[in-house]
Amino acid sequence: MKIYQEPEKEQWEALLKRPTLDLSEIYGRVQPVLEQVRDRGDEALKAFGLQFDGVELDSLAVSAEEFVEAEALVEEELKDAIQLAAANIEKFHAAQARPVMAVETMPGVNCWRKSVAIEKVGLYIPGGTAPLFSTVLMLGIPAKIAGCGEIVLCTPPNKEGKVHPAILFTAQLLGIDQVIKAGGAQAIAAMAFGTESVPQVYKIFGPGNQYVTAAKQLVGQITNVTIDMPAGPSEVLVYADEAANPAFVAADLLSQAEHGVDSQVVLVTNKMAVVEAVQEQVTLQLETLPRAEIAKEALKHSLAIVMEEEAQALELINTYGPEHLILQSQNEDAMAEKVINAGSVFIGAYTPESAGDYASGTNHTLPTNGYAKNYSGVSLDSYLKQITFQKITENGIKNIGPAIEKMAASEELNGHENAVTLRLKHLKS
Ligand SMILES: NC(=O)c1ccc[n+]([C@@H]2O[C@H](COP(=O)([O-])OP(=O)(O)OC[C@H]3O[C@@H](n4cnc5c(N)ncnc54)[C@H](O)[C@@H]3O)[C@@H](O)[C@H]2O)c1
Ligand SMILES: N[C@H](CO)Cc1c[nH]c[nH+]1
Ligand SMILES: [Zn+2]
């Protein structure tokens, strides 16, 4: 971890840069993959499966037998944990539903707004270095609550051409039966363009590595498909003061560093002594982690920043806009109120980020790379469109008509004016 003490504001931008590849470089790698899948469909998906995942596939879709096989392979204790998490995530996301909003803007002029589910959605479940079955819950539950008609799920297979049993168990639990063995940029292209095995969707959801994220951003630009947000390599910023438990802080930093070599973890504190204590704990705890090599790589481009003034620290946090922000300080609740850029905030010593990653109820699909400044994480709203409706009575058109006629005539749009004038004349006759 690189250590900085009271860095000047002019340094912040360079200091807080994410360790991801330059977008134009990534786009250059991803674009040919998108084009191949668009032009050659399943054939290209299989070829990229061989090239990137080292697996030769006869069929891309997971079969009914594979679902049955998977169910038997998941231990009961894990099934119970998945069900507990599912119940909390369901509760939190169901509470986000909003009733139809209806307003009579003036007598006889009735307007209302209703949420309608996006018909066809594609969910990407990462599986490169860890099979993230928890992401099936995070993406599948709100899609089901919203009422999306068609749900397709893509995830990379392992070397034996199988999808991890817990991913299949979770998909089945939610009633998602279209699961495709495809990962990376090629999976995103398949859902954007459609192939023989993969239906084309209207919106693509889900986190992933830099290739997945760049592919989502690119298809969002070159097709009509929209995306949830850029949800790339995981990151966490922990603000800890001298009262925080260094072991907890180190564990929280490592929990995100272990995601990938391009993850970034940042410690901000008011005292140098906290940096030292946390570093000691990081070294100790790293020894116990099977993914220590990945975490060590991530730590090479991670930072510890000492900022004595809390207000300055908050400004730096909001400038960084972390995917996850953990606050462990004597003033944590007041600090939380001042956060304006973060994907999800975890307050207090007993609120590890792992809780939100798995089971507390909030969504773990969150904006990275500073996109917390302009995007929210996945929620029920992500799967809904809002359609407005209106119905005007005879009395209503008499009330509102003259204003519309005047405005239309003034914009020199006499066809618009006439659509009202005709009706008003009809009512007079
Ligand atoms: N922001 C969020 O909400 C969030 C949530 C969960 C996970 N994540 C992130 O998701 C990522 C998961 O990454 P992962 O790699 O384990 O799985 P992944 O499923 O995202 O990516 C694996 C795929 O990447 C492709 N790929 C690998 N190397 C490539 C190369 N050199 N060129 C082109 N394509 C290549 C392969 O096709 C492979 O199937 C991690 O970075 C993790 O931090 C983010
Ligand atoms: N921390 C990840 C989001 O950046 C989500 C996740 C899934 N499993 C474990 N963690
Ligand atoms: Zn995580």
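**Close-up views of a predicted model**

**View 1. Surroundings of Asp357.** Leaving out residues within four places in sequence, Asp357 contacts Ser134 and His364 (contact: C-beta atoms, placed from the backbone, within 7 Å). Asp357 sits in helix H14, residues 353-358 (helices are DSSP runs of H or I of at least four residues, strands runs of E of at least two, numbered from the N terminus). Asp357 counts as buried because 22 other C-beta atoms lie within 10 Å (buried: 20 or more such atoms within 10 Å; exposed: 12 or fewer; partly exposed: in between). The model is predicted: local features need pLDDT of at least 70, side-chain atom pairs count only at pLDDT 80 or more, and totals for chains, interfaces and linings use all residues. Residues are numbered from 1 along each chain as its sequence is written, with chains lettered from A and ligands numbered from 1 in the order in which they are written.

**View 2. Surroundings of Ser234.** Ser234 lies in the loop between strand S8 (226-227) and strand S9 (235-240). With 24 other C-beta atoms within 10 Å, Ser234 is buried. Residues up to four places away in sequence aside, Ser234 touches Gln256, His259, Gly260, Ser263, Glu323 and Thr368.

**View 3. Helix H15.** The 17 residues of H15 (394-410) should span 24 Å at 1.5 Å a residue, and the end C-alpha atoms are 24 Å apart, which agrees (expected span: 1.5 Å times one less than the number of residues). H15 has a kink of about 45 degrees at Ile400, shortly before the proline Pro402 (bend: angle between axes fitted to the seven residues ending at a residue and the seven starting there). Just after H15, Glu412 has a positive phi of about 60 degrees.

Key
Two residues are in contact if their C-beta atoms, placed from the backbone, lie within 7 Å.
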